[in-house]
Amino acid sequence: MDFNTFLTTSPKPDLNYLKVISSTDFIDVEQELFKKNFYNTDINSSSHPVLSPVVDLLNKEKKGLLSHETVQKEIERLKGIDSRDQFKRYMYQPLENRQYSLSLAGGAPQFSWTSSLGYDDNTGNLGENYQRMNLRFQNNWQPLKNLMLNTGIFFTHSATRNGRNAYGSIIMKTNAVPYMEMADANGNALIVSKSVEQGYKSGLGNGKLLDWNYYPLTDWQHFSGTGRSSEIILNAELNYKILKGLEADIKYQYQRTTGLSNSLYDEESYYVRDYVNRFTVINSNGSLTYNVPKGSILDKTTSQLLINNFRGQLNFNRGFGKHQVSAIAGGEVRDANSQSANTRYYGYDPNNLSFGTVDFKNKYPLITGGTSFIDNLNALRETNNRFVSVYANAAYTFDNRYTISGSARRDASNLFGLKTNDQWNPFWSAGLSWNVSNEKFYPLKWLPELKLRGSYGYNGNINPAMVAVTTMSILGVSTYTQEQMARFDNYYNPQLRWETVRMINAGLDFSTRNNRISGYVEYFRKKGENLFGQVPLDYTIGLTSLIWNVAGIEGNGIDVELRTININKAFRWQTTANFSTYKDKVTKYYPSSTIARNFVLSSVPISGIEGLPVYSIFAYQWAGLDPQNGDPRGYLNGEVSKDYAKMMGVDVKDLQYFGSAIPTVYGSLTNTFSYKQFTLDVGITYKLGYYFRRPSINYTSLFKDWVGHSDYALRWQKPGDEALTDVPSNQYQTNSNRDAFYAGSAALIEKGDHIRLQYINLGYEISKKQWQQMPLKALQLYANISNLGILWQESKSGIDPDFNLGSYVVKPPVMYTLGLKAKF
């Protein structure tokens, strides 16, 4: 019997890692924009969009509703607020993960069994919870000398529950201001503007509507997002020994996975109060008509996956003197059925499970103006995927020196059409190996193990989203025509074929005497052909694009592992070093466009440029800032230019190419130190030879979406600053082309090379050899620290290249683990 348990914890994440504009800078921008009448459109709009607290104060001062002194005093107070502090105080908490596992085994000569039980209970930094229980039972029974029956049951049940709001998830307009307040000094919930301008919203309905205020500090308590998933896998295997070395296997596996997720917005949640109010009609006599019934709103999703898998196989493994032959041959059939259903219930009462009815067919007036349909989220979906494979593998070894092997399989899928020739595709591989150290002429006694090996293979892939015939989705009844609606969901392409990948491997395995130095060196090269991609079509046929076999890539690399025993005495020191390289290039592609702007996105797209890496970093050529006004500058036809539209409209060949967006060299170094019962592991990882694009200030996003970057403090402000910074000046007017050019310029490209201290493990193990009276066979105590941070990086920006996507990606904090393993 074995038992294992551990506890992992980590502190609250460091929100100060996020490069957010300061509240002082943000408010200064708002004040200047207000003077320039930038917000007049929103202030006078009939749709009454949300105004920030500062703009609302300035507008009230302008209307004479507040004095200048009162407004300035409040603005100065708001400048001292950083919403990250409030999130860290009220939303985030230390993480705690607990795991327990127990395994048992037993049996007799003709019957054996194993069983295990596992339980996880994880609570994240936002209070979200994940629980999982695993059960496994495995039986091996030999009723006859040549017959073996193996059965297994695997059961997994998991449950999830939502937590509080993460930083960046609370939306006022399209974002939240950096000085947003959720709570006052005493921790009481404060109103935050959301959806509609607060003053306008408060004046609607003459007090008869539901409370329309938004309290993000407590609103999460009125939403319950839960999920449950259960999976059972049944295995049965019958093995019969026909002759010496020849066996027959019959295997069957049944898998059933069910899921249920509920998103319950109770009647006190802002989501429900806002939705009900919007569709409420105030009648002439002052009464109210609720077109969306009061009560909770429940979104329920159910899913089921059924898989049946059957395999029949012959196994042969026998030696004849210096000859050794092993082979398998068989066939496999797989059927997978997936079903899901989405349902929304309005006016839901969880106490008696009742719900209201709504009219999805007609538009209703909105109390804020205009008309709209009530959301109909009901949907059903079902898919069937079937696969058939026949395969064979064989290997022949002579005198434990030379081995030749081969494999072949033919796969079929219902995704490629109705014709048999369309469904089937053959795949194969072949390999050779030579145990050089077993040759009589081998002279190197200091290198007792040396083996050369190589293989060549041809494999294929499919896209599960493909269909064998053009399919349609039924959408329900049209609110306009009252007729059934449908749309083409997937289009069948009769020319579509399997993706194919050819791969060559060559390797060398070695070991010195007593394994003092051991490892391997392996070279691989792969070539992908007929890869799937979207191809633009003539729009007059009714489609703009279709998946086609249009792409090809080549890649090659080296994997090296070196294991050394540096000291092998009472004190022991071992090292494991891994070193890998990988380079790829596009050999064939049909890009829909080669306009420069499509290749400098914040998330790196597939480049599709023949001869360059699949994921490449491009940038607009950078000519620094204009010394007169701080405008970003680039090059157009070899000349310094500020014609941003034209520079972004050039061909991709006119961009500056930096290199791969994924590491081309990577690996790890692990040192293990042991003394008596103590063991210490230190793991370091590294990634080299790649680039990333860091974010910076975007004035259009700052003005319109309230998304600001701390680079704003480094902006150009006066002549001469261009020698100190690459951050453009604030011109207090939106120029999306200017912002887009800077965002895609070479000024923001950094090397991603870095070395990271990944983990430190400390273990202590004791057995009966050290403590004979111990009631256990062995006991191990261990501690682990992970996510320790970067030791060195080439970039001077301080940005962790592994956590650079998006404005609100939080770097994981250091994690601490304590655990024990007991063997009975």
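Contact here means heavy atoms within 4.5 Å. Helices (H or I, at least four residues) and strands (E, at least two) are DSSP runs, numbered from the N terminus. With those two terms I can start on the structure.

This is a predicted model, in which local features need pLDDT of at least 70 and side-chain atom pairs count only at pLDDT 80 or more, while totals for chains, interfaces and linings use all residues. Residues are numbered from 1 along each chain as its sequence is written, and side-chain values use heavy atoms, with hydrogens and water left out.

First, the whole chain. The protein chain has 12 helices and 35 strands. Its C-alpha trace spans about 105 × 75 × 70 Å along the principal axes. Of its 824 residues, 38% count as buried, where buried means under 20% relative accessible area, exposed over 50%, and partly exposed in between (1.4 Å probe, protein chains only). Take the contacts between residues at least 6 apart in sequence: 68% of them join residues at least 24 apart.

Now helix 1, and its contact with helix 4. Ser 23, Thr 24, Ile 27, Asp 28 and Gln 31 of helix 1 meet Gln 72, Ile 75, Leu 78 and Lys 79 of helix 4. By class, that contact has three nonpolar, four polar and two charged residues. For these classes, Ala, Val, Leu, Ile, Met, Phe, Trp, Tyr, Cys and Pro count as nonpolar, Asp, Glu, Lys and Arg as charged, and the others, Gly among them, as polar. Helix 1 and helix 4 (residues 68–79) pack at an angle of about 145°, their axes 8 Å apart. Axes are lines fitted to C-alpha atoms, for helices over the stretch in contact, and angles run from 0 to 180 degrees between N-to-C directions.

Helix 1 also meets helix 3. The axes of helix 1 (residues 23–35) and helix 3 (residues 53–62) come within 10 Å and cross at roughly 35°. From helix 1 the contact uses Ile 27, Glu 30, Gln 31 and Phe 34, and from helix 3 it uses Val 54, Val 55, Leu 58, Asn 59 and Lys 62. Here the classes come to five nonpolar, two polar and two charged residues. An α-helix has 3.6 residues a turn, so residues three or four places apart point the same way.

Helix 8 is next. Why is helix 8 largely enclosed by the rest of the structure? Seven of the nine residues of helix 8 (residues 270–278) are buried, so the rest of the structure largely encloses it. The buried ones are Tyr 270, Val 272, Arg 273, Asp 274, Tyr 275, Val 276 and Asn 277.

On to the aromatic rings. A search of the whole structure finds 30 aromatic pairs. Rings of Phe, Tyr and Trp (its six-membered ring) pair if their centres lie within 6.5 Å; planes under 30 degrees apart count as stacked, over 60 as edge-to-face and the rest as tilted. Phe 38 and Tyr 39 are an edge-to-face pair, 5.3 Å centre to centre with 90° between the planes. Phe 38 is partly exposed at 27% relative accessibility, whereas Tyr 39 is buried at 7%.

Tyr 346 and Phe 360 make a tilted pair, 6.4 Å centre to centre with 50° between the planes. Tyr 346 is in strand 11 (residues 323–348) and Phe 360 in the loop between strand 11 and strand 12 (364–365), so the pair ties together parts 14 residues apart in sequence. Tyr 346 is buried at 2% relative accessibility, and Phe 360 is partly exposed at 23%. Ring pairs also link Phe 223, Tyr 265, Tyr 271, Tyr 275, Phe 279, Tyr 346 and Phe 360 into a cluster.

The charged end of Arg 715 sits over the ring of Tyr 712, 3.9 Å from its centre, and that of Lys 821 sits over the ring of Tyr 782, 5.8 Å from its centre. The rule is that NZ of Lys or CZ of Arg is within 6 Å of the ring centre and within 35 degrees of the ring normal.

Last, two single residues. Is Thr 664 buried or exposed? Thr 664 is buried, with a relative accessible area of 13%, and lies in the loop between strand 28 (656–660) and strand 29 (665–675). Gly 806, in the loop between strand 34 and strand 35 (815–823), is exposed at 58%.
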